[in-house]
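Trainee: I have a new structure open and would like to go through it. Can you take some questions?

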Amino acid sequence: MEIEDIIQKLWSGVRKKHLYPQLPLPTVIEGGEDVALEIKSKQLAISSAFYEKLKGKMDGEEIVEAVLDHGITHYMYCPWDFHTHITLYNEAKKVVRQKDQAQRATSYFMDVVTDTYCVKEKDTKIATLYKNLPKTGVHEVLAALYEKIWGEDLGTGGHEELVNRLSRIPYLERKRWRESIRKFTEVIQGILEKEVANEQQSSQREPNPMGEHSLENYSLEEIDRGLREFASAVEELQEFKETVEDLKEELEGKGYSAGGMGRGKGNAIDANLLYYMKLAESYTLPIRKLPIEKRGYLHPHAHKPWEIGKPFADIDLWTSFGKIIPGITQIWTKREGETHGEFEGTPDCLIIIDSSGSMINPREKLSYAVLGAICACNAYLKHESRAAVYNFSDALRGNKVVLEFNHDKERIYQAICRYFGGGTALDPDDITYLLSCAKKPDIFIITDMQITNLEKLIDFFKKIENRVTAVHLGTNVHTARFKEGTEKRKNISLFNVKNKEDIPKIVLGKVKEYLTSPSEGR
Amino acid sequence: MKNPFEAFHQAGARKREIPLDKILKSKEETLSKILAGYEDLLKNEAKDLVWLMQYSTVIKAYSIAEKGMEGLEYTAEDIEEFCFALDHSDQIPYLITGPAGVYISVLCNHAKEEEICLHLQDLNVKINLLGYRLPANKKLIVEGNVGDFTGIGLDGGELIIEGSGKNYTGAGMKRGKIVIRHNLGFNTGHGMTGGELIVGGRIKGLGKIVGGKVYERDQLIFPTDGIKPFYT
């Protein structure tokens, strides 16, 4: 087949031109005649029907090279990664407020950046390709823009006012892309609205001739990393939540879920949970293990399905049929063996979190208390220790979550993120019960200390030997009382946080200190 | 020894100048000139970062701004760019909405275009004094909300605000038309002697109006039997 021969012939030269991207040899698909390119998990596929349709108008090699230049530049320059893609989408959405329009605006913006970069930086036939592509609707405006900013005759023109405004955007300044896409979207908003309205009437979507930019372009690992970066970058929890809610269907369709990747469509994505999960991944806490008897070195204990992000070294090739595919590949879970004598180990941890009305609702705003709890919980889980959660507001009236010790991150996060509001009262019996389920676990408590039965809690902590890290917001009479009541206890560390924003730092810092050097706890 | 990176040497390098580079360069140059003019105005008029909104100070600021931008070539897009620079950029030492509004008004009044559209809906600050002395044969459309003293001393132009305004809108306007799509604050049309002020939403309160017409939600509310012209 002619097109395949052309790809074979051009590929090494095109790779060299783009500084050797790590991409497989492009393939040919039957595809439609209106869309040139499809990208799925780094695999470029050129539509043969598109090629055949255009062959009469321009040289075959030029068509293939231009399409490859376009596809590779998406990979090498814009969007580059999933984080950039959703950041651009998020900015466009702020302008148009509609998912469909924001997706289109993002797609068009990335095409303009990509093609302009190619035209400026590389020897490419993209301009000739655009000259021969049909130009209607937004594509007509973009072609007029290209004429102006590339200085090429693409046989279009008009739309002077729009083009004047679009041509003032610094497309090749990566640092200004967020601001640029907002301006870009604002200018083409009118056309986008018309485009969507027309398609709703005719029930046919006009395709982007250079291909769509969906989540199909990214692997699960890239999506996971992108979401982690996005969670750290957004200013508000709501931004993250809105974007993830918008992409929920696509993410679930790809098999991405909050509890880990590769679990299939079964687990619905909880955007709030995912936010704290991804944000907490940015913090890691080393743990100095404590002398614990009957603990030893790790040994393979049982199999469980491999998920992207888990270490390859733990994969059991014999039961995985030699394949690295989430859901099929098996991984060894390891347990510490039993030995007699003093070996260092990590205790389990009971997380006690206050979710009364005086605490921030973690589903509405970023709660540093929840973030701190999740970070601490991660530190224990990473060392194969277990975590239990006691989430309370007015526990005596049933407003509580009691989650026993386990390794299931998603369940633990869900329990931590639960918000009740209302009054604050602990039930020490619940804590006693949870403590009895593990061998001398650590306790991590986050509260504003405005607990109605604070004296009971102080008495309770006075009686136990477990290590306790208590974190509270602000200073008040209750914190003073707690401090006074527990002052003599060597196993209790109290952290006084004046500013809410300090919580993650102080919790992390102090937890680290506490975990790495128990003697310096207080 | 063979260079292991030889294959990368000059690979794909072409790098040519495209018209976009020139457009952006000229845009940056114009913006710096406009910014320099604004800084001059601040140096003269708001030395202590204080600017009192008085009849005489507005007139003085206007004439200083006019002198500062003599011979400057710019377009409506440059004015818009300046508005965003006021809001976001670290190029601006400080933003004082009064002189900024006077300066933008001067830019609009002396622009080549007869019709100027400023897309300011993403602006965090509400600029005061927009449309000051807008002359006849000029149409200024502002998308977004504006601050106090919008369209004061309007001199025959047409000012359309696709949002809301604050207090003293249209104060002292002589002729022309101001259209506000949404709401206005207190002292609307204070001291206006002519022209039309058309408000699509609600007006919190009228000022002492001498002449002209004021409409609120398609209803003529000045002059009416209840509200007569104010004569000093």
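This is a predicted model: local features need pLDDT of at least 70, side-chain atom pairs count only at pLDDT 80 or more; totals for chains, interfaces and linings use all residues.

Trainee: Fine. What does the secondary structure of chain B come to?

Mentor: Chain B has four helices and seven strands.

Trainee: What radius of gyration does chain B have, next to a compact globule of 232 residues?

Mentor: Chain B has 22 Å, whereas a compact globule of 232 residues would be near 17 Å. The C-alpha trace of chain B spans about 100 × 40 × 30 Å along its principal axes.

Trainee: How many of the residues in chain B are buried?

Mentor: Buried residues account for 42% of the 232 in chain B. As for contacts between residues at least 6 apart in the sequence of chain B, 36% of them join residues at least 24 apart.

Trainee: New topic. How many residues does the contact take from chain B and from chain A?

Mentor: Chain B gives 16 residues and chain A gives 21 residues. On the chain B side, the largest share is five residues, from helix 1 (residues 19-45) of chain B.

Trainee: What kinds of residues are on that side of chain B?

Mentor: The side of chain B that touches chain A has eight nonpolar, two polar and six charged residues.

Trainee: Now chain A. How is chain A divided into domains?

Mentor: Chain A has domain 1 (2-216), domain 2 (298-336) and domain 3 (346-520). The C-alpha centres of domain 1 and domain 3 of chain A are 51 Å apart.

Trainee: There is an open sheet of three strands in chain A. What is its order?

Mentor: The order is 1-3-2, and the pairing is mixed. Strand 1 (27-29) and strand 2 (37-40) of chain A are the edge strands, each pairing on one side only. From one strand to the next, the twist averages 35°.

Trainee: How many bridges join strand 2 of chain A to strand 3?

Mentor: Four, and strand 2 and strand 3 (residues 43-47) of chain A run antiparallel. One pair of bridge partners is A:I39 and A:L44, the latter in strand 3 of chain A.

Note on methods:
Residues are numbered from 1 along each chain as its sequence is written. Chains are lettered from A and ligands numbered from 1 in the order in which they are written. Helices (H or I, at least four residues) and strands (E, at least two) are DSSP runs, numbered from the N terminus. The radius of gyration is taken over C-alpha atoms; the globule rule is 2.2 Å times the number of residues to the power 0.38. A residue is buried if 20 or more other C-beta atoms lie within 10 Å of its own, exposed if 12 or fewer, and partly exposed in between; C-beta atoms are placed from the backbone. Two residues are in contact if their C-beta atoms, placed from the backbone, lie within 7 Å. Ala, Val, Leu, Ile, Met, Phe, Trp, Tyr, Cys and Pro count as nonpolar, Asp, Glu, Lys and Arg as charged, and the others, Gly among them, as polar. Domain bounds come from an automatic or database domain assignment. Two strands pair if DSSP finds at least two bridges between them. Axes are lines fitted to C-alpha atoms, for helices over the stretch in contact, and angles run from 0 to 180 degrees between N-to-C directions.
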